[in-house]
Amino acid sequence: MKNALPLAGLGAALLIAAAPAAAEERICTGRIGAVYLDNIFVPDGRSCTLDGTRAKGNIVVGTGAALVARSVQINGNLQAEGAHSVRVYGRSTFGGSVQIVQGGSASIEAARINGDILFDENNGPLLADRNVLGGNLQAFKNM
């Protein structure tokens, strides 16, 4: 019984050490150039320009925020809910989907998207032009 406590403590320490590290989120409120990041977040009401940026994860655009993304390479999704505007161009690539929901204007041009493009309940001009999709273009209840 004398050795039971140290072994139990060692087991707990090994479990903590083996836990995966959380992906870092870069907050964008200006311009980010050709760097490699985990995830990118555009806060509510702010603007972000990505130029040649690469990310392992996702781009999330907050309410009232604006995103301009040129020649980006994103392994995950672009998710914008309530965004003021989203513009993607310049041979950008997404490993997942592009989802623009309940926002203003959006333009997705000359992108390669392994998943879907979804425009749902937006109230501004929408454009999807010269894209290569692995999934579908879906548009619901846009004005």
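In what order do the 6 strands of the open sheet stand? In this predicted model, the order is S3-S6-S9-S12-S15-S18, and the pairing is parallel. Select strand S3 (36–37) and then strand S18 (132–133): these stand at the edges, and each has a single partner strand, so one side of each lacks a neighbour in the sheet.

Next, select strand S9 (residues 73–74) together with strand S12 (residues 93–94). The two strands pair in the parallel sense over 2 bridges. Within this pairing, display Ile74, which stands opposite Phe94 in S12.

Now turn to the cysteines and select Cys28 and Cys48. A disulfide joins Cys28 to Cys48, with an S to S distance of 2.0 Å. The pair connects distant parts of the chain, 20 residues apart: Cys28 lies in the loop between strand S1 (25–27) and strand S2 (31–32), while Cys48 belongs to strand S5 (residues 47–51). Viewed along its geometry, the link of Cys28 and Cys48 is right-handed, with 90 degrees about the S-S bond. A search of the whole structure finds 1 disulfide.

Are these two cysteines buried or exposed? Cys28 counts as buried because its relative accessibility is 1%, under the 20% cut-off. Cys48 is likewise buried, with a relative accessible area of 2%.

The charged end of Arg87 sits over the ring of Tyr89, 3.9 Å from the ring's centre. As for aromatic pairs, a search of the whole structure finds 0.

Terms used
Residues are numbered from 1 along each chain as its sequence is written. This is a predicted model: local features need pLDDT of at least 70, side-chain atom pairs count only at pLDDT 80 or more; totals for chains, interfaces and linings use all residues. Side-chain values use heavy atoms; hydrogens and water are left out. Two strands pair if DSSP finds at least two bridges between them. Helices (H or I, at least four residues) and strands (E, at least two) are DSSP runs, numbered from the N terminus. Rings of Phe, Tyr and Trp (its six-membered ring) pair if their centres lie within 6.5 Å; planes under 30 degrees apart count as stacked, over 60 as edge-to-face and the rest as tilted. A charge sits over a ring if NZ of Lys or CZ of Arg is within 6 Å of the ring centre and within 35 degrees of the ring normal. A disulfide is a pair of cysteine sulfur atoms within 2.5 Å. Buried means under 20% relative accessible area, exposed over 50%, partly exposed in between (1.4 Å probe, protein chains only).
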